[in-house]
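Morning, everyone. I have one structure to walk you through. Please keep the viewer open while I talk.

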Amino acid sequence: SPNNKNKKKTIRIFQNFQKIRMVFFKDRDLCHSLFRLGVIKKYKSEVIILKIKRLDHIVLTVSDLAKATRFYHEVFDMPILEESETVVTLRCGHQLLKLQTTARKDALVAKTPTSGSADLCLVTGDALADDINHLKSYFVEIIAGPVTKSGANGQMTSIYLNDPDGNLIEISEY
């Protein structure tokens, strides 16, 4: 099979470089497989793996900062922590949601900050039926759902909507 050929090729490549003391991998499964096959001798001490703990914040570029802030603050009840002319920081559970304009020049920004290009999932603490009624009370159109999906913690039920910039927002209940 093609996967078997790729594995054999990868193993041959690594056997040619067994003298390398430090190996950097992003793929933990590949490291573990190579260790089990005997290609890497000391998996724990010689392989350095980047260990990400959690997501801290997301930055959305928006066309109208006041309109986007009002939407996330009022519709999703996200507390506003900081505000400036070009960025607003809101609390979203244990993480932060930052809204920025394309005029933001005081910080590192993405190569091409674009409004309306994000797709993110927010997990609700309420019953999804209650959230649907809440969204309707704010005249927010639900564009899809409820549908069953797989998320980071297993099976979930989701609805979809767009924020004022057209970002796709998924609201999910586990």
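One term before we start. Two strands count as paired if DSSP finds at least two bridges between them. Keep that in mind for the first stop. And note that this is a predicted model.

So, which residue stands opposite Ile80 in E5? It is Leu90. Ile80 belongs to the pairing of strand E4, residues 80-83, with E5. Three bridges join E4 to E5, and the two run antiparallel. A hairpin makes the link, passing through three residues.

Move on to E5 and E6. They also pair in the antiparallel sense, over six bridges. Arg91 stands opposite Leu96 in E6. This is a hairpin too, with two residues between the strands. Look at Gly93 in the turn: its phi is positive, about 65°.

Let's step back to the whole protein. How many helices and strands does it have? Five helices and 10 strands. There are 174 residues, and 30% of them count as buried.

Next, the open sheet. Four strands form it, in the order E7-E10-E9-E8. The pairing is mixed. Which strands sit at the edges? E7 and strand E8, residues 142-151. Each of them pairs on one side only. On average, neighbouring strands here are turned by 30° against each other, direction ignored.

Zoom in on E8 and E9. Seven bridges join them, and they run antiparallel. Find Ser150: its bridge partner in E9 is Gln155. H5 lies across E8, E9 and E10. It runs at about 5° to E9.

Now the inside. In soluble globular proteins, nonpolar side chains tend to be buried together. Here the largest nonpolar core has 23 residues. Those with the most contacts inside it are Tyr72, Phe76, Leu99, Leu161, Ile169 and Ile171. Several elements give two or more residues to this core, including strand E6 (95-100), helix H5 (128-137) and strand E10 (168-173). Which element gives the most? H4, with five residues.

Click on Ile171. Leaving aside residues up to four places away in sequence, what does Ile171 touch? Among its contacts are Phe76, Leu122, Leu128, Ile159 and Leu161. Thr124, Asp131, Thr157 and Ser158 are touched as well.

Last stop: charges. Side chains of opposite charge can pair when their charged atoms come close. The count here comes to one salt bridge. The side chains of Asp56 and Arg54 meet in it, at 3.7 Å from N to O. Why does this pair count? Because a salt bridge needs the nitrogen within 4 Å of a carboxyl oxygen, and this one is at 3.7 Å. Are the two partners buried or exposed? Asp56 is partly exposed, because its relative accessible area is 38%. Arg54 is exposed, because its relative accessible area is 55%.

That's the tour. Over to you.

Methods
Residues numbered from 1 in each chain as written. Predicted model: local features only at pLDDT ≥ 70, side-chain atom pairs only at ≥ 80, totals over all residues. Heavy atoms only, no water. Core = buried A, V, L, I, M, F, W, Y, C linked by side-chain atoms within 4.5 Å. Buried < 20%, exposed > 50% of the residue type's maximum accessible area, 1.4 Å probe, protein only. Contact = heavy atoms within 4.5 Å. Axes fitted to C-alpha atoms, helices over the stretch in contact; angles between N-to-C directions.
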